[in-house]
Amino acid sequence: ALRFGIQPSDLRVLSLWVERAAIRWGIDAESRARDYALPNLEDNTWVQGIERMVLGMATGQQDALVLGRLPVADGSGGRMELLGRFLKFVRAAQTHACQLAAPVKLREFAERIQHAVQEMFCEETADGPTGTKHLLELVARLHELQQVTQSEEIIPAAALVGWLEQQLERLGDARGFLEGSITIAGLQPMRAIPVRVLCICGLEDAKFPRRDRREAFDLIANH
């Protein structure tokens, strides 16, 4: 999102807009029906939600329909520029998502990934994440596979995306432990944890450590 001028401080406002616009699933009616097996309607899709945001920015808060839509506004008229940047980001993300979901040849898939990386992400710094670097490494590997195999076969998108996810997982696991300022890892037995702050996700203080409590009427547990 930084590529489009969206700062981390903007995410709270954008999340609120998406929530108020009731965006739940699907880009449009077609993708809603295809990907989620729901009726072919624009309800709760990105297309409908974006239209409601734009109307809300133009008209302000309204209780009546405007052009068949209920506008979504947050009471502030000074965020037109932020909405414009967000619309550019959403449009680019949707375009690349549709392109990567289509069956293509290896060479074309590699070119589409490279184009998506160049358009969607900023250049990495020495202290930044390695996600785009890994993607570009896989682009080079796909080109090598194309040259070796000389394949012109049209490959389903699911197979290509599955391969991509598998390779990214391997590249992520290859990174050394405790190399960055923040490390996310599984809690494995005998793992050295020389850190000042340790955060464990997925545990509730009321449920850990677990205490087995048997109800008085649980005859199976009592016998």
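**A walk around helix 6**

Trainee: Which residues are exposed on the other side of helix 6?
Mentor: Good place to start, bearing in mind that this is a predicted model. Exposed here means over 50% relative accessible area. On that side of helix 6, the residues that pass are E144, Q147 and V148.

Trainee: And which residues of helix 6 are buried?
Mentor: For these the cut-off is under 20% relative accessible area. In helix 6 the buried set is T132, H134, L135, L138, V139, L142 and Q146.

Trainee: Within what arc do those buried residues fall, seen down the axis of helix 6?
Mentor: Start from the geometry: an α-helix has 3.6 residues a turn, so residues three or four places apart point the same way. In helix 6 the buried residues line one face, because they fall within an arc of 155 degrees.

Trainee: How far apart are the end C-alpha atoms of helix 6?
Mentor: Helix 6 covers residues 131–149, which is 19 residues. At 1.5 Å a residue it should span 27 Å. The model agrees, with the end C-alpha atoms apart by 27 Å.

Trainee: What phi does Q150 take?
Mentor: Look just after helix 6, where Q150 sits. Its phi is positive, at about 55 degrees.

Trainee: Stepping back, how many helices are in the chain?
Mentor: Reading from the N terminus on, the elements run α-α-α-α-α-α-α-α. The chain has 0 strands, and its helices number 8.

Trainee: What share of the chain is made up of buried residues?
Mentor: The same cut-off of under 20% relative accessible area applies. Of the 223 residues in the chain, the buried share is 26%.

How values were computed:
Residues are numbered from 1 along each chain as its sequence is written. This is a predicted model: local features need pLDDT of at least 70, side-chain atom pairs count only at pLDDT 80 or more; totals for chains, interfaces and linings use all residues. Side-chain values use heavy atoms; hydrogens and water are left out. Helices (H or I, at least four residues) and strands (E, at least two) are DSSP runs, numbered from the N terminus. The expected span of a helix is 1.5 Å times one less than its number of residues. Buried means under 20% relative accessible area, exposed over 50%, partly exposed in between (1.4 Å probe, protein chains only). The arc is that of the directions from the helix axis to the C-beta atoms.
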